Amino acid sequence: MTVYVTGDIHGGVDMQKLRDWELGDSLTSDDYLIVAGDFGFPWDFSAEECADIAWLESRPYTVLFVDGNHERFDH
């Protein structure tokens, strides 16, 4: 098991950081990615956002997040 921590994904704004993350393709279902603040999903339920969420769900590792100040708490 490996745990990685990042932050400031801001929804789709910085998703490319995760898509380009070289280690991400080597992680397994035993691994975790923690987004420590400003995860930003869900925001507007646009087609692009839904595609980003689907991509995250397709990852073999578990994605966890901690609320930040750039969240849409009413969703």
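Me: Is Lys17 buried, partly exposed or exposed?

Reply: The model is predicted: local features need pLDDT of at least 70, side-chain atom pairs count only at pLDDT 80 or more, and totals for chains, interfaces and linings use all residues. Residues are numbered from 1 along each chain as its sequence is written, and side-chain values use heavy atoms, with hydrogens and water left out. Buried means under 20% relative accessible area, exposed over 50%, and partly exposed in between (1.4 Å probe, protein chains only). Lys17 has 44% relative accessibility, so this residue counts as partly exposed.

Me: Which residues does Lys17 contact, leaving aside its neighbours within four places in sequence?

Reply: Lys17 is placed in helix 1; helices (H or I, at least four residues) and strands (E, at least two) are DSSP runs, numbered from the N terminus. Contact means heavy atoms within 4.5 Å. With those neighbours left aside, the contacts of Lys17 are Gly7, Asp8 and Ile9.

Me: How far apart are the C-alpha atoms of Lys17 and Trp55?

Reply: Trp55 is one of the buried residues of helix 2. Along the chain, 38 residues separate Lys17 and Trp55, and the distance between their C-alpha atoms is 13 Å.

Me: Why do the buried residues of helix 2 line one face of the helix?

Reply: The buried residues of helix 2 are Glu49, Asp52, Trp55 and Leu56. The arc is that of the directions from the helix axis to the C-beta atoms. Seen down the axis of helix 2, its buried residues line one face because they fall within an arc of 120 degrees.
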